[in-house]
Protein chains: 2
Amino acid sequence: MSPTPPLTVHPVHLVGAGPGDPELLTLKAARVLREATVVLVDDLVGEQVLASVLEGTDRAPRLVQVGKRGGCASTPQAFINKLLVREALAGEKVVRLKGGDPLIFGRAGEEVAALREAGVPVVVVNGITSGLAAVNALGCGWTDRAAGAQGVMLVTGHPQPGSAGPDWPAIARVAASGVTLVIYMGVSQAPSIVHGLLSHLPADLPAAAVQHASTPQERRTVTTLGALVETLARERIGSPAVLVIGRVLEVAVDVATATLQPAALNAAAAAA
Amino acid sequence: MSPTPPLTVHPVHLVGAGPGDPELLTLKAARVLREATVVLVDDLVGEQVLASVLEGTDRAPRLVQVGKRGGCASTPQAFINKLLVREALAGEKVVRLKGGDPLIFGRAGEEVAALREAGVPVVVVNGITSGLAAVNALGCGWTDRAAGAQGVMLVTGHPQPGSAGPDWPAIARVAASGVTLVIYMGVSQAPSIVHGLLSHLPADLPAAAVQHASTPQERRTVTTLGALVETLARERIGSPAVLVIGRVLEVAVDVATATLQPAALNAAAAAA
């Protein structure tokens, strides 16, 4: 009897699914998904993106749902790590599909560490992060020299359990020097975030929120920092949403009443 | 005689070309480029990305080079703005292809403003920014809870002429609280940037530089903040490059000596 040939261990691909619009996937992500035999997905966005990529092909990778669903608790991270290792060592072509980009506020680091420890190579495929799709929807940028914004800071409003969380007054001081703030997962903590920011930022500073950026469910509002909490409640903008704070929004504010902004054009077209 | 039918003005697409690897283009960017009749490009990266997208098609949009080339001065922004408006009003399907993402340290705001003023609709197509491809090449993320990095700040080391430029000591104070720094266009200003950062950050904080991230010309180095200037000179890492500073790099540092990092694997495969 000849010995069993050694099993090929393929690299696990951690792939950014982008903000929601399946067309915002990269060509590389689409290729890797088409080649996969097992795909671990977080949420409905990932499933829709995957379905869109596989449309018209006869591929049907095994789909493993590892995210929150209908109020159920999410799959523990340790279990996801083990599953990634197990499937890879079984010779599967594994894709771990994550919303946005895996290297921004995901827990890619833990998955990469687990795979490396098990001797499984990892390739990360970047994606468009929701904070970028959010400013696009608002008609402005992360930075804008004309608005005096020479930098941008991304922070999460949902800190690690047990951690003190971001120092909002310190962040406000940086924002005051001309840095746009993009806050992920900040809606539920908005009252305390805004309270902290108002210590060093004016109440009339433009502030916005975008939910489900780039998708047909997209909702957005532009207001001021002082009125943000009240506006979120009134407009019923819930999680997951991105908050944007800074002078870059002045363009978006001006444009809200004009007819030429793509978003406004879309809204007009939808209403017609 | 019947009157001339009104000319259709198509939206101008400002498209992110990504960091360099043509596979990191989004599906939407690829589609828009295939539909274009005129494409304005900045640099060689854009041209390579465009060539890759059009490969195997019979499309040949008119290519207009508007960037720096071989030491020549770049096309003035005002001229680019006028050209975009003129081509759009002539009925062309215009794409303005920009490296990375148009909404991060580009001058998209000025182009959007000029187009809006002329009544031309604008659609921005996001791209993968080079700062994200840079951390991917280093084997780490922008944020990482395990490394205590709950946020990231992107700043440009190449401030607007006449502006005071970023307040590096203030930025250092924020970085010290657990925020990763990603500095675009910072290599030529590295001595003054590092001097400012060392006022509030330790000299042994990990620091890295990545040039031409995601391309075959990619070069990277991982060192410390205190040794960054010397290392850039010794390794001859020039512009355009991205600097990354923060504890997130500890993973990259650990991994530099291991065999499992994708980058190390690739290097090993190339050497074999």
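A polar contact is taken here as a pair of N or O atoms within 3.5 Å, where within protein one atom must be able to donate a hydrogen and the other to accept it, and where residues adjacent in sequence count only if both atoms are side-chain atoms. By this criterion, 20 residue pairs, both members at pLDDT 80 or more, are in polar contact between chain B and chain A. The structure is a predicted model, in which local features need pLDDT of at least 70 and side-chain atom pairs count only at pLDDT 80 or more, whereas totals for chains, interfaces and linings use all residues. Residues are numbered from 1 along each chain as its sequence is written, chains are lettered from A and ligands numbered from 1 in the order in which they are written, and side-chain values use heavy atoms, with hydrogens and water left out.

The size of an interface is often given as the accessible area lost when the parts come together. For chain B and chain A the buried area (accessible area, 1.4 Å probe, that two parts lose on being put together, summed over both) is about 4,900 Å², with 57% of it on carbon and sulfur atoms. In chain B, the residues that lose the most area to chain A are B:R116, B:R145 and B:Q150, which together account for 17% of what that side buries. In terms of contact (heavy atoms within 4.5 Å), 60 residues of chain B meet 60 residues of chain A.

Two salt bridges (a side-chain nitrogen of Lys or Arg within 4 Å of a carboxyl oxygen of Asp or Glu) are found across this interface. B:E23 forms a salt bridge with A:R31, with the closest N and O atoms 2.6 Å apart. A:R31 also forms a salt bridge with A:E35, for which the closest N and O atoms are 3.4 Å apart. Because A:E35 and A:R31 are four residues apart in helix α1 (residues 27-35) of chain A, about one helical turn separates them. Over all chains, the structure holds 24 salt bridges.

Helices (H or I, at least four residues) and strands (E, at least two) are DSSP runs, numbered from the N terminus. Strand β6 (residues 151-156) of chain A runs antiparallel to β6(B), and five bridges join the two, strands being counted as paired if DSSP finds at least two bridges between them. Within this pairing, A:V155 has B:G151 as its bridge partner.

Two aromatic pairs are found over all chains, rings of Phe, Tyr and Trp (its six-membered ring) being paired if their centres lie within 6.5 Å, with planes under 30 degrees apart counted as stacked, over 60 as edge-to-face and the rest as tilted. B:F105 and B:Y184 form a tilted pair, 5.0 Å centre to centre with 55° between the planes. B:F105 lies in the loop between β4 (94-98) and α4 of chain B and B:Y184 in strand β7 (residues 179-184) of chain B, so the pair ties together parts that are 79 residues apart in sequence.

Most residues other than glycine have a negative phi, and most peptide bonds are trans. B:F105, although not a glycine, has a positive phi of about 55°. A cis peptide bond joins A:S239 and A:P240, with omega about -10°, and A:P240 lies in the loop between α8 (228-234) and β10 (241-245) of chain A. In chain B, a cis peptide bond joins B:S239 and B:P240, with omega about -10°.
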